[in-house]
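Here are my notes on the charged side chains, for you to read with the model open. Take the points in order and find each residue as you go.

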Amino acid sequence: FTVRPDGETSENLDALAKKIAGIDNLGDLIVTELENSASEDGEELDFEKEIEPWLGERGGLFLQEYEEDDFEGYGAAVQATDEDAARDFVDKQVESSDEEATDGSYEGVDFKVQEDETTIGVFDGLVVFAEDEAIFKSMVDASGGENLAGEAAYADAVAGVPGQSAANVYADIGALIEESGGQIDDETQLFLDTVGIEPDEATAVASLVPGSD
């Protein structure tokens with residue numbers, strides 16, 4: 001996703017926020033809420049001084065699996081244009097929190113684990129958050145190994161619409177089928193067979209562009 005969209009994308013997001021919640025400027029609201037949340041915790045947070053100087057343009061989020069009625073396991077990463085500044089910000093936020101945090105290191109990447117197991121670190125030009133230490137380590141592994149960015153099919157699919165900022169969504173079709181009981185209706189199975197798709201091993205990608213409607 002685009003962290004700070006501009007142009008038509010930004011206008012469309014603000015139009016959606018206005019229609020749905022009566023919010024005039026979504027970006028301003030997010031900044032205000034971040035600062036107010038920090039203030040409630042006894043911290044002082046100045047977005048313009050502490051976050052904006054290092055905040056990059058892009059971010060990503062994944063939800064690891066779906067169990068019963070909820071998603072389990074998440075990870076998120078946001079581009080950092082200045083790793084040292086981002087690391088200083090993370091250290092300050094962790095130290096000023098009421099929760100204790102422990103230091104860790106994996107494959108040369110330093111990180112901090114909070115009491116609720118949330119793990120955060122800065123590496124490869126990214127500020128990385130994960131629900132727990134194991135997921136964080138899997139993200140470190142992924143950053144140096146195989147990933148979808150290197151696949152030509154995905155590179156073409158995520159190009160999106162020229163001049164627009166898109167959110168790219170990947171879905172593990174095989175896992176979704178398994179979670180739903182492993183059944184596919186006959187018509188769908190016939191279609192998949194016709195186009196040569198093996199559903200148990202299929203993955204789908206969608207590029208979503210926000211519109212004002």
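1. Start with Lys137, which is partly exposed at a relative accessible area of 25%. (Buried means under 20% relative accessible area, exposed over 50%, and partly exposed in between, with a 1.4 Å probe and protein chains only.) Lys137 and Glu133 meet through their side chains in a salt bridge, 3.0 Å from N to O. That term means a side-chain nitrogen of Lys or Arg within 4 Å of a carboxyl oxygen of Asp or Glu. The two residues are about one helical turn apart, because they sit 4 residues apart in helix H5 (residues 133-143). Glu133 is partly exposed too, at 31%.

2. A word on what you're looking at: this is a predicted model, where local features need pLDDT of at least 70 and side-chain atom pairs count only at pLDDT 80 or more, while totals for chains, interfaces and linings use all residues. Residues are numbered from 1 along each chain as its sequence is written, and side-chain values use heavy atoms, with hydrogens and water left out. Helices (H or I, at least four residues) and strands (E, at least two) are DSSP runs, numbered from the N terminus.

3. How many salt bridges does a search of the whole structure find? There are 6. One of them joins Lys92 to Glu50, with the closest N and O atoms 2.9 Å apart. This pair links distant parts of the chain: Lys92 is in helix H4 (residues 83-96) and Glu50 is in helix H3 (residues 47-50), 42 residues apart.

4. Asp84 is exposed at 54%, and Arg87 is partly exposed at 30%. Glu83 joins these two in a network of salt bridges.

5. Now look at the end of the chain's helix H8 (residues 186-194). At its start, a side-chain oxygen of Asp185 reaches to within 3.2 Å of the backbone nitrogen of Glu187. Just after H8, Gly196 takes a positive phi of about 75°.

6. Last, find Glu72 in strand E2. Glu72 counts as partly exposed, at 32% relative accessibility.

Note on methods
A polar contact is a pair of N or O atoms within 3.5 Å; within protein, one must be able to donate a hydrogen and the other to accept it, and residues adjacent in sequence count only if both atoms are side-chain atoms.
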